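I set out to record a few local features of this model.

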Amino acid sequence: MTALNRVPSLMARAGTASALTIAAVGGSIVVPGVASDAAAATPATKALKIAASKKGSPYKWGATGPRRFDCSGLTLYSFKKAGKKLPRTAAQQYNRSHHISAKSRKAGDLVFFHSGSSVYHVGIYAGKGKIWHAPKTGDVVKLQKIWTKSVWYGRVS
């Protein structure tokens, strides 16, 4: 009998068991409405972690990984590895995402930089006003503060 199988019999004998008791026998506690860490990892948070794992990878225009990236290549690669398909360019990704307000943004959302109505750059929101992105030729994938107010946000669904 495994420790997990013993938990119900322990609880039946004792009437109730504390979290420490259950943990001591290798059991787990299920709380309705609360997701486990594994279940809580959304494609967006997975994509964010994947982008972060590419820190220091060189920028190369037109590159989609796994060793070199341009801005939309990094977002495409990160979401693909997280199980979501995105189109190739920043503008196409903006058109495919669900547009959200700055107030609604969450870690893992896309941040689109624009001039007028033209989207020219994209990164993945990391929280606290920062993004993971592949900035430009001669640079590398990095975490950087958002440097302009000319941004729009999109959520990949």
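**Aromatic contacts and backbone entries**

I looked for ring clusters and noted that ring pairs link Tyr-94, Phe-112 and Trp-152 into a cluster. I keep in mind that the model is predicted.

I then took the count for the whole structure, where the search finds five aromatic pairs. One of these is formed by Phe-113 and Trp-147, and I recorded it as stacked. For this pair I noted 4.4 Å centre to centre and 15 degrees between the planes; the planes count as stacked because the angle is under 30 degrees.

I next asked where the two partners lie. Phe-113 belongs to strand β2 (residues 110-115), whereas Trp-147 sits in the loop between β5 (142-145) and β6 (151-155), so the pair ties together parts that are 34 residues apart in sequence.

Trp-147 is partly exposed, because its relative accessibility is 44%, between the limits of 20% and 50%.

I turned to the backbone. Most peptide bonds are trans, and most residues other than glycine have a negative phi.

The peptide bond from Gly-65 to Pro-66 is cis, and its omega is near 5 degrees. I located Pro-66 in the loop between α4 (43-53) and α5 (71-81).

Lys-128, a residue other than glycine, has a positive phi, near 55 degrees. I placed Lys-128 in the loop between β3 (118-127) and β4 (130-133). With a relative accessible area of 82%, Lys-128 is exposed.

Terms used:
Residues are numbered from 1 along each chain as its sequence is written. This is a predicted model: local features need pLDDT of at least 70, side-chain atom pairs count only at pLDDT 80 or more; totals for chains, interfaces and linings use all residues. Side-chain values use heavy atoms; hydrogens and water are left out. Rings of Phe, Tyr and Trp (its six-membered ring) pair if their centres lie within 6.5 Å; planes under 30 degrees apart count as stacked, over 60 as edge-to-face and the rest as tilted. Helices (H or I, at least four residues) and strands (E, at least two) are DSSP runs, numbered from the N terminus. Buried means under 20% relative accessible area, exposed over 50%, partly exposed in between (1.4 Å probe, protein chains only).
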